[in-house]
Amino acid sequence: MYAISLGDGAELRPLEVWHAAELLANIDRGREFIGRHIGLADVVSDLEGARGWLKSYADKRGADAGSVHGIWLDGKLVGGLLFRVWDTPSGVCEAGCWLEPDAAGRGLVTRGMRVLLDWAFEQRGMHRVEWYASSANEPSINVARRLGMTREGVLRENHPHRGVRASTEIWALLRPEWRAAHARTAHSDH
Ligand SMILES: CC(C)(COP(=O)(O)OP(=O)(O)OC[C@H]1O[C@@H](n2cnc3c(N)ncnc32)[C@H](O)[C@@H]1OP(=O)(O)O)[C@@H](O)C(=O)NCCC(=O)NCCS
């Protein structure tokens, strides 16, 4: 099975149905932190929920309509990255992420997302990667900013979550912007 090193003992690997127990343990360790702004913690409430959610991503993968990838730190599943939406004909996809709290603050999501962005733009020919985050989710908005995304707008009070109507910020990165940023990095390396 492939594993891509993210440095500092972290690896990006496919997250599959047989990881359900590991996923449940990851969510259990971060349930309150992960559930603050997104529904994942509520969906993965038990082993059956974990299996069902992973199966839905296996189905998406089979249809080339999305994917989920785990982040393992020193052999423990600590979070993941996903393409919740993947639409090859339009060249548009939507990415997302989660981490348990002990794995946050190390750049794991930013580093992992750069690997997936490169794959999406350069290998899969995507044109636009979107990032939806609650306006109250500052760490997620900071990830979008670190990835070089542009804030395009706000869907006001569109997301009822745990009894509160949250607003959603839309951030996005286009392939020419990704390439220009890479060209600048390569130039400054010389
Ligand atoms: C969103 C979430 C994944 C962000 O986690 P994060 O650890 O802040 O993000 P990263 O992994 O990119 O790490 C960035 C942090 O590591 C630091 N860092 C350390 N080394 C780094 C490196 N090599 N590269 C980038 N950042 C690095 C950064 O300074 C930053 O810390 P700061 O925010 O204190 O400045 C996390 O808050 C989370 O899981 N939240 C719950 C689920 C959720 O809301 N998901 C988002 C859905 S839209």
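Two strands count as paired if DSSP finds at least two bridges between them. Helices (H or I, at least four residues) and strands (E, at least two) are DSSP runs, numbered from the N terminus.

## Model and numbering

This is a predicted model: local features need pLDDT of at least 70, side-chain atom pairs count only at pLDDT 80 or more, and totals for chains, interfaces and linings use all residues. Residues are numbered from 1 along each chain as its sequence is written.

## The sheet

Eight strands form an open sheet with mixed pairing. Their order is β1-β2-β3-β4-β5-β6-β8-β7. β1 (4-7) and β7 (150-161) stand at the edges. Each has a single partner strand, so one side of each is left without a neighbour in the sheet. From one strand to the next, the twist averages 25°. Axes here are lines fitted to C-alpha atoms, for helices over the stretch in contact, and angles run from 0 to 180 degrees between N-to-C directions.

Helix α4 packs on the sheet. It touches β1, β2 (10-14), β3 (67-73), β4 (76-87), β5, β6 and β8. Contact means C-beta atoms, placed from the backbone, within 7 Å. The direction of α4 makes about 160° with that of β5.

## Pairings of β8

β6 (residues 128-134) and β8 (residues 164-174) run antiparallel, joined by seven bridges. Arg128 has Leu174 in β8 as its bridge partner.

β7 and β8 also run antiparallel, with eight bridges. Val154 is bridged to Glu169 in β8. The hairpin of β7 and β8 has two residues between the strands. There, Arg162 takes a positive phi near 55°.

## Ligand shell

The ligand is surrounded by 22 residues, counted when the C-beta atom, placed from the backbone, lies within 6 Å. The closest are Ala104, Gly107, Val109, Thr110 and Pro139. Elements giving two or more residues to this shell are α1 (20-35), β5 (92-99), α4 (108-123) and α5 (138-146).

The shell divides into twelve nonpolar, eight polar and two charged residues. Ala, Val, Leu, Ile, Met, Phe, Trp, Tyr, Cys and Pro count as nonpolar; Asp, Glu, Lys and Arg as charged; the others, Gly among them, as polar.

## Annotated span

UniProt lists residues 10-177 as "domain: N-acetyltransferase" in an unreviewed entry. The end C-alpha atoms of residues 10-177 lie 27 Å apart. This span is 38% helix and 37% strand.

Terms used:
Two residues are in contact if their C-beta atoms, placed from the backbone, lie within 7 Å. UniProt positions are given in the numbering used here, feature names are shortened, and annotations may be inferred rather than shown by experiment.
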